[in-house]
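Dear colleague,

I am handing over the structure we spoke about, with the sequence alongside it.

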Amino acid sequence: MGNSGGSLTTRCSGELHQFMRAAGFTDIDETKALAEGWQVTDFADAGPRSLANLVRQMRTPALMVSFLDSDVGFIEALTPDGNSWEGLLNREIAESYEIPLEQFPLEPAVAGALAWSAAAGLTPDEKAVRRTLTTSALFAEELSSTLLTALGLPGAT
């Protein structure tokens, strides 16, 4: 069992890699442009305050998913005004890894995701968010992409 990196989603009009490096992200891959300035970038590692540092620097909402062996995704999301939420992707597999699911309650995650999305100026689909946070998939990265669509990110597939 090991870390297999993560994915960062945020809106950026400048050089996202520069902001990510300054915030403590390492081994940053190419950025995939969505629409309306939203971007998704994979990375190898992030420090414990990397997401907060990035949001503070850029003053834009950001969502990070850290993957565990591509089996489980740990979601962290933050807005510039300090609203945050955490969630878990692939709960069934997480349980088989003996990850305590009670540390990732579903209802606060759904409420947090909807609030984050609204703060980012997006229109989320509550049913799709809930389904994504409770569904299983072969790879957590698949669920991460589905979550972006559920949160209403333009151009997400």
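Predicted model: local features only at pLDDT ≥ 70, side-chain atom pairs only at ≥ 80, totals over all residues.

I began with the charged side chains. Side chains of opposite charge can pair when their charged atoms come close. The count here comes to 2 salt bridges. In one of them the side chains of R130 and E107 meet, with N and O 2.6 Å apart; since R130 belongs to helix 5 (residues 126-134) and E107 to helix 4 (residues 106-119), this pair ties together parts that are 23 residues apart in sequence. R130 also forms a salt bridge with E126, where the closest N and O atoms are 3.5 Å apart, and these two residues, 4 apart in helix 5, are separated by about one helical turn. Taken together, E107, E126 and R130 are linked in a network of salt bridges. As for how open these residues are, R130 is partly exposed at a relative accessible area of 27%, E107 is likewise partly exposed at 47%, and E126 is partly exposed at 43%.

The next point concerns strand 4 (residues 62-68), where 7 of the 7 residues are buried, so that the strand is largely enclosed by the rest of the structure. In a regular strand the side chains alternate between the two faces of the sheet. Both faces of strand 4 are covered, with A62, M64, S66 and L68 buried on one side and L63, V65 and F67 buried on the other. Strand 4 runs antiparallel to strand 5 (residues 72-78), and 7 bridges join the two; within this pairing, L68 stands opposite V72 of strand 5. The two strands form a hairpin with 3 residues between them, and D69 in the turn has a positive phi of about 55°.

Finally, helix 5 comes up again, this time for its packing against helix 6 (residues 140-150), in which the axes are 8 Å apart and the angle is about 165°. An angle over 145 degrees counts as roughly antiparallel, and helix 5 and helix 6 are therefore roughly antiparallel to each other. Their crossing is left-handed. Where the two helices meet, A128, V129 and T132 are the contributors from helix 5, while L143, T146, L147 and A150 come from helix 6.

With best wishes

Definitions and conventions. Residues numbered from 1 in each chain as written. Heavy atoms only, no water. Salt bridge = Lys/Arg side-chain N within 4 Å of Asp/Glu carboxyl O. Buried < 20%, exposed > 50% of the residue type's maximum accessible area, 1.4 Å probe, protein only. Pairing = 2+ DSSP bridges. Axes fitted to C-alpha atoms, helices over the stretch in contact; angles between N-to-C directions. Parallel < 35°, antiparallel > 145°, perpendicular 65-115°, else oblique. Left-handed = near helix turned anticlockwise from the far one by under 90°. Contact = heavy atoms within 4.5 Å.
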